[in-house]
Each structure stands twice: as C-alpha cells, then as structure tokens.
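Could you look over this structure with me?

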Amino acid sequence: MKSAVVAVAFLAGIGLLAGCQPAAQKAAAPKEKKVEPKKAEKKKKKSATERFRTALANQDKWQKACSNPNQLVPEGIDVETFRKEMLATVKFPPGGVLGKDVKRGEKLFGDPKKGGRSRRGNCYACHCGDPQILACGNIGPSLRGYGKRGIDPKDTYIKIYNSWAVVPCSVMPRLGYHGVLTPEEIADIVAYMHDPNSPLNK
Amino acid sequence: MGKRKLLLSALTGGVILGAVATAQEQVPSHLQELLELGMHPGHAYVDEGRETFNTLKGPNGKTCASCHGEDGAKLEGAYAKMPRYYTDIDRVADLDLRILSCMTKYMGFDPKDKKFRKEFDKWNGRYRVPLATFVASLSNGMEINVKLDDPQEKELYKKGEELWFMRVGARDFSCGICHTVLTGKRIRLQGLPDPVKAKVYTHWPAYRFGSDKMWTMEDRVRSCFKAYFLYEKKWDEKKDWVKKPPPYSDWVIALELYMKYAANGGVVEVPGLLR
C-alpha cells in the first residue's frame with residue numbers, strides 16, 4: 001500500500017515536471033541528448049580543405065563565365081541576356097532607393113574619420129570622392145561631383161547592388177547580390193552620393 | 001578658398017605621382033639605401049636558417065646537412081627548379097612542402113606533433129620560414145628554370161592558370177582581374193603589379209617592412225585569398241568565412257607553379273625586400 005502511494009506520487013511528480021519544464025523532460029532521455037550534439041560537432045569540424053573546396057564550389061554560373069584570361073564576357077554568351085539576368089536579381093528597399101541615413105551612407109562609402117576606410121563598402125579602394133580623402137584608387141572613375149551629373153538614383157542603386165547588371169564581369173563587386181551590403185545600406189550610400197551637401201558634390 | 005583647392009589638387013597630384021613612381025621601381029628608394037649599407041633584415045633569416053640547417057637534429061639524429069651537405073652544398077640551384085614533382089612524396093611540392101616532407105619523412109619529426117607543427121607552420125616559428133629563406137638563397141644568381149615534364153606538373157600548372165583567372169567569392173575577385181588585366185592601376189595608393197609578367201618570383205621569399213616579417217610565397221599566396229571574401233554558406237556569418245586555402249595544398253602550389261613557370265629565365269635574388 002505504502003509503495004503504491006509512493007509510486008503514484010512519483011509518477012505524478014514526473015508528470016508535473018514533464019508538463020511544466022520541457023527542458024527537464026529532455027534530461028530524462030539522456031541517450032538521445034548525447035547522440036545529437038556529437039553529430040552536430042562532427043558537422044562543425046570540417047577540414048580546411050573541405051571548407052576551401054566548398055568556398056570555391058560556391059562560384060556561380062556568371063562568375064564562371066567571367067573566369068577567362070580577358071575577364072570579360074566570353075563569346076557565345078549574350079551580353080544583353082547577361083545584363084537582364086543580373087538586373088532580375090536586384091531587390092529594392094521598401095523605403096525607396098534614396099535612404100534616410102546619409103551619415104551611415106558616408107561611413108559605408110568610406111569613413112572620413114578613418115581615412116576613408118570601410119570594410120564592406122570600401123569605395124575609396126577604387127574610386128576617388130571626398131577631396132579630403134587623398135588615398136583613393138583609380139580603378140573606377142572618380143565620383144567627385146557625382147550628384148551633379150543628372151544620374152537617376154535608381155541607376156546608382158542598381159550599379160552598387162549588382163554592377164554586372166550594367167557592366168558584366170566588371171571588377172566592381174556585386175555588393176547587394178552577395179549580401180555584403182543590405183538594400184537599406186545601399187540606399188543610404190545612394191543618398192550620400194546624391195545629397196547636394198555631401199562632400200562628393202561640393 | 002581657390003588657393004586652398006589649388007594646393008590640395010597639387011598635393012593630390014604629388015601623392016599620385018609619387019605612388020606611381022614607387023610602383024614602377026622594384027625596391028623603394030629608402031629600402032635601396034638600406035641595401036647599399038648592407039643592412040638587409042632578411043639576411044638574419046638566412047643566417048638563422050643556415051644555423052638550423054646545420055645543427056637541428058631530428059628525433060632520429062639526422063640534420064638537414066646529413067643528406068644535403070654542410071651549408072646545403074648539394075642544394076645549390078634546387079630552388080630555381082621548384083615547384084616540381086618529387087617521386088618520394090608523389091606530389092608536386094613547393095619549397096615549404098618539400099622542407100616539411102624532409103623533416104617528417106627523413107628527420108623523424110612527427111607531422112601530428114603539435115609542438116613541431118607550431119615551430120613549422122607558424123610565421124614566427126623556427127623552422128619553415130628561416131629554412132626556406134636559406135635554401136632559396138642557395139640559388140642566388142641562377143636562372144629560374146621550372147619545367148613541366150611530369151604529367152602531375154602539367155596538370156597542376158593548368159589548375160594554377162585556371163585558379164588565377166577564377167572569379168569567386170563575395171567580391172567577384174580573381175588574381176587575374178587585378179594582377180593581369182588592371183595592372184598599373186592603383187588600389188588606393190598602391191600600384192598593382194603584374195607578378196606573372198614582371199617575374200616577381202625572382203625575389204621571393206621576401207622581407208616585408210610593413211609586417212616586419214619574412215614571407216615565403218606560400219604565405220603570400222594564402223594571404224591573398226583574404227581579399228576574396230570567400231565563404232561556405234553566407235559571407236557575413238563569421239563561422240562561414242573561409243580566409244585562406246589550407247597550407248601546402250595543391251591550390252597554393254598550383255598558383256606558385258603558374259607564377260614561377262612564367263618567371264623562367266629570371267635570376268633568383270633572395271631574400272627580396274619590400275615595403
């Protein structure tokens with residue numbers, strides 16, 4: 001009789017525990033728990049060789065097309081189709097192509113407090129812009145006075161989001177396409193480039 | 001205001017001109033002065049490498065000199081022919097991999113011994129960089145003469161050329177887009193050299209002032225891949241970043257072979273000296 005009471009209380013206790021604390025319930029099945037993280041750990045520990053191979057295998061078909069000694073669209077691939085396919089990947093931010101945070105745009109373009117450095121945008125590596133930033137590259141055209149050229153901000157946005165929609169196989173990274181910059185961040189850069197008060201346009 | 005603008009543009013022009021001038025020279029002038037004074041920091045690595053070569057005993061009692069002769073007498077000119085296929089490891093090896101194979105195969109070091117790998121793999125370790133610099137310096141004054149006789153060498157060369165022009169990663173880069181197509185332009189103020197045409201392999205391993213270290217070509221090639229933004233799944237997830245190819249891997253050696261084959265005929269002059 002006594003033991004039956006204890007057993008009932010015990011069962012009830014388990015029921016309570018199980019009902020209130022799903023975590024405790026998991027602890028009741030140690031076998032399962034042990035197996036899972038081991039599998040997960042194995043997955044995490046890929047060899048450096050495997051990881052590098054995966055990274056190279058991530059090459060998309062457009063990158064593959066450009067991987068020739070001229071680094072241009074090869075014969076046999078229609079440039080217009082290439083452009084159209086790239087244009088189709090461009091996603092626009094809900095708030096429009098002109099962002100609101102011009103300061104953030106400037107930081108992403110190249111932080112003037114850090115000599116124009118910026119890890120993700122890094123525009124000064126190839127373009128000149130703000131006359132204060134002397135260490136600017138000449139691979140891309142200078143962007144001084146960019147906002148005064150009558151360029152549609154939408155085209156600026158597309159060029160930054162996916163430069164290959166404009167010049168296929170260009171050296172300019174497809175920053176939005178790869179997710180290096182979000183649509184909102186690109187919109188802020190566009191706003192900075194078109195802002196009449198931006199140092200680019202003064 | 002007008003004056004200031006003029007001054008600024010003059011300054012910019014000066015900086016650009018200066019940068020272009022230094023990009024064209026092999027060794028910047030302030031480093032050239034050091035060379036003339038006989039103060040090449042890379043020579044310390046050569047001396048250290050020679051010392052290690054002659055005295056470091058592996059677990060089975062052999063030194064590098066036991067097989068290759070005192071001061072590497074039998075290794076003269078070896079570096080000028082590398083990377084090449086070696087029957088004993090059945091692979092095309094560059095200098096770094098060749099030294100690693102010698103130490104593990106013939107000197108008795110355990111390739112899985114962490115202490116050994118630390119001394120070998122690390123940039124400031126005592127084995128790889130000094131030994132590589134020393135062995136490379138034994139080919140000074142000789143012409144680079146890399147042959148593609150073995151099928152493995154041919155295959156790897158092809159792989160290297162392919163990899164050189166391969167656009168990949170979140171920045172759509174390849175080695176070739178900057179170092180073949182856009183040569184002569186600048187990334188910020190740094191001129192883009194053409195390591196293939198300019199036969200820069202003649203002065204590698206090189207001592208770089210910027211990092212205050214000796215770099216072997218293995219270090220150089222691997223570090224280049226940091227700019228690619230390579231990733232496994234998503235580039236902005238830190239766990240997915242793939243910064244460098246694994247050391248002594250075929251990818252690295254393929255690129256080295258591609259560059260060094262192009263440098264055939266150039267005269268080895270190591271250690272080099274760079275900004």
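Here are my notes, point by point.

1. This is a predicted model, in which local features need pLDDT of at least 70, side-chain atom pairs count only at pLDDT 80 or more, and totals for chains, interfaces and linings use all residues. Residues are numbered from 1 along each chain as its sequence is written, while chains are lettered from A and ligands numbered from 1 in the order in which they are written.

2. Let's start with confidence: pLDDT is the predictor's score for each residue, from 0 to 100. Chain B has a mean pLDDT of 87, with 89% of its residues at 70 or more. Over residues 1-25 of chain B, however, pLDDT stays under 50. The model as a whole scores ipTM 0.84 and pTM 0.82.

3. Next, where the chains meet: 32 residues of chain B are in contact with 31 residues of chain A (C-beta atoms, placed from the backbone, within 7 Å). On chain B, this side has 19 nonpolar, four polar and nine charged residues (nonpolar means Ala, Val, Leu, Ile, Met, Phe, Trp, Tyr, Cys and Pro; charged means Asp, Glu, Lys and Arg; polar means the others, Gly among them).

4. Finally, how do the axes of helix 5 (residues 95-105) and helix 7 (residues 128-137) of chain B cross? They come within 10 Å and cross at roughly 110° (axes are lines fitted to C-alpha atoms over the stretch in contact, with angles from 0 to 180 degrees between N-to-C directions; helices are DSSP runs of H or I, at least four residues, numbered from the N terminus). Helix 5 of chain B is therefore roughly perpendicular to helix 7 of chain B (65 to 115 degrees). Leu95(B), Asp96(B) and Ile99(B) of helix 5 contribute to this contact.

Conventions
Two residues are in contact if their C-beta atoms, placed from the backbone, lie within 7 Å. Helices (H or I, at least four residues) and strands (E, at least two) are DSSP runs, numbered from the N terminus. Angles under 35 degrees count as roughly parallel, over 145 as roughly antiparallel, 65 to 115 as roughly perpendicular and the rest as oblique.
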